[in-house]
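Student: I have a structure open here and would like to learn how to read it feature by feature. Could you walk me through it?

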Amino acid sequence: MIRDHRNDALVLAGHGSTLNADSSLPTYRHGDAIRDRGIFAEVHEAFWKEEPHFRDVLRQVESERIYVVPNFISEGYFTEQVIPRELGLTGKVSRLDGREVIYCDPVGIHPSMTGVLLERAASVTGEAAPDPAATALFIVGHGTSLNQNSVKIIYEQVELIGQTGRYAECQAAFMEQEPLVSKWAELTKQPNVIVVPFFIADGLHSYEDIPVLLGITENVREHGFRNPTERGGRKLWYATAIGTEPMIADVILALVDRADENQRTVSSMAA
Amino acid sequence: MKINEPFLQWLREAGGAAVLGQLRISGKPGEWIIRHCDDGDEVVPDPHWRVAREWVKVAADGTYRPLKGEGNLAPGRALGPLDDRELLEALNVIYPTTVANGVLFRSGALRITPFAETAGRQTGMYRIVGTITPEQLDEVVAGVCERRCLKQRLWEPRAKVPELEGTAWPLLCPEACNLMVAACRAKIKGQPLTATED
Ligand code: SF4
């Protein structure tokens, strides 16, 4: 870390759910990983749909400098409107009741996500890793008109992964817009396919819907699916949501560093 | 703002026999034990505070508990021995912001948000909540807050005046939660109060 945070607090802001008990799990896991490193005086998790709510969480924070990191996949409605409004933020750095609240970028947009995606792709195939020169990697998002930022982020990551040359191909695919994930077999000719969902938690979309769209199961809850699944003489591996990857804890810390760097630049410019 | 120490002081003064919602806290500094009020001392406490996240997740009948103040915390679990910090972490999981709300209320610093302000702030799918009628609000308060939640509501209608004496720590609600706001949306749309969407 570029700054000492032993007197500071970290607040991870996630979506949460009133329907799915496991939605908040990745946010808690990353929070715990950071707690265990003893970098911050306190670590808190807060949610839109679970308690503590964004609106309330700062009341239970004692530190005078507070970093808020949205555990969201892209900028959009939640990071630009809901979180700032509910926390009462006035900008990237806010003064609230004499405390300094530093609002960081969301997890999904940090450049180090490229490494996280590659790690997830490598870990899902494990020891049976296919020849990368005969493998296509798909990064899958939801894709709606609601938030085109997440679509943009996926294309950026696809570009960056393509530049590494790690796999024969890297492509974007979506649940509800072209190119459709359900057409994966037409989108690539490679004999091996790895699919990584660009979602924060294994919610309904990444856990239940995408495997059905991929055609690797009829119903995940009843039948599960195999990794790899053989389809038309080709092998397909499906990973869990990118947000469940333990490396995200490092991404969160990198976002804190980035906010500190930005602040430093701003203050040196003002000087 | 000091939140934790005033609470710990209260707890020490309660002589290790405090009640907080469905929990009772016994023991002494460094050796706090959290138990369910319906359990005796035979339940073996788990020393890891993070287990509290599993505890609060599902009710005894296996259903998910999105409302932490709901009076359906399952008996049969206990946590401890916990040090001060672990105790506070566990309480922040089981009853989020309850320690802070109580401390702030006692010092007169807890801000209470009228429902109209909460409703007026909503955007997106919850913007419609700003159009709620007093009758509809009344029904949601009765059907969600008063029927399901143990918290004492500090906002109208039918705001409560909490008791601060004794060895029970208050569970306070200074502002409508998202679950209640979502129920208002359902009410306005003529759906059942439990019709939740994420
Ligand atoms: S708004 Fe109602 S249901 Fe929600 S926490 Fe307050 S009292 Fe409980």
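Tutor: Gladly! Let us begin with burial: a residue counts as buried when its relative accessible area is under 20%. Keep in mind that this is a predicted model.

Student: Then is B:Ala183 buried or exposed?

Tutor: B:Ala183 has a relative accessibility of 1%, so this residue counts as buried. It lies in helix H7 of chain B, residues 178-188.

Student: Which residues does B:Ala183 touch, leaving aside those up to four places away in sequence?

Tutor: B:Val140, B:Val144 and B:Leu193. There is also B:Leu137, 46 residues apart from B:Ala183 along the chain, with 9.6 Å between the two C-alpha atoms.

Student: Next, the ligand. Which residues surround it?

Tutor: The shell is drawn from chain B and includes B:Val144, which B:Ala183 touches as well. Among the others are B:Cys145, B:Cys149, B:Cys173 and B:Cys177, along with B:Lys151, B:Arg153 and B:Trp155. By class, nine residues of the shell are nonpolar, two are charged and none is polar.

Student: Let me move to chain A. How do I read the buried side of a helix?

Tutor: Start with the general idea: an α-helix has 3.6 residues a turn, so residues three or four places apart point the same way. Now the case here: in helix H7 of chain A (residues 204-214), the buried residues are A:Ser206, A:Ile210, A:Pro211 and A:Leu214. These cover an arc of only 100 degrees around the axis, which puts them on the same side of H7(A).

Student: What do the buried residues of H7(A) pack against?

Tutor: Their partners are E6, E8 and E10 of chain A, together with helix H6 (184-187) and helix H8 (220-223) of that chain. Just after H7(A) comes A:Gly215, with a positive phi of about 80 degrees.

Student: How many bridges join E9(A) to E10(A)?

Tutor: Three, and the two strands run antiparallel. Within this pair, A:Arg231 has A:Arg234 as its bridge partner.

Student: Chain A has another sheet, with the order E2-E1-E3-E5-E4. Which strands are at its edges?

Tutor: E2 (42-47) and E4 (93-96), each pairing on one side only. This is an open sheet of five strands with mixed pairing, and its twist averages 25 degrees from strand to strand. Four bridges join E4(A) to E5(A), residues 99-103, in an antiparallel arrangement. A:Leu96 stands opposite A:Arg99 there.

Student: And which helices pack on that sheet?

Tutor: Helix H1 (residues 25-37) lies across E1 and E2 of chain A, at about 170 degrees to E2(A). Helix H3 (residues 77-87) touches E1, E3, E4 and E5 of chain A, and its direction makes about 165 degrees with that of E5(A).

Key
Residues numbered from 1 in each chain as written. Chains lettered and ligands numbered in written order. Predicted model: local features only at pLDDT ≥ 70, side-chain atom pairs only at ≥ 80, totals over all residues. Heavy atoms only, no water. Pairing = 2+ DSSP bridges. Near = heavy atom within 4 Å. Nonpolar A, V, L, I, M, F, W, Y, C, P; charged D, E, K, R; others polar. Buried < 20%, exposed > 50% of the residue type's maximum accessible area, 1.4 Å probe, protein only. Arc of directions from axis to C-beta. Contact = heavy atoms within 4.5 Å. Axes fitted to C-alpha atoms, helices over the stretch in contact; angles between N-to-C directions.
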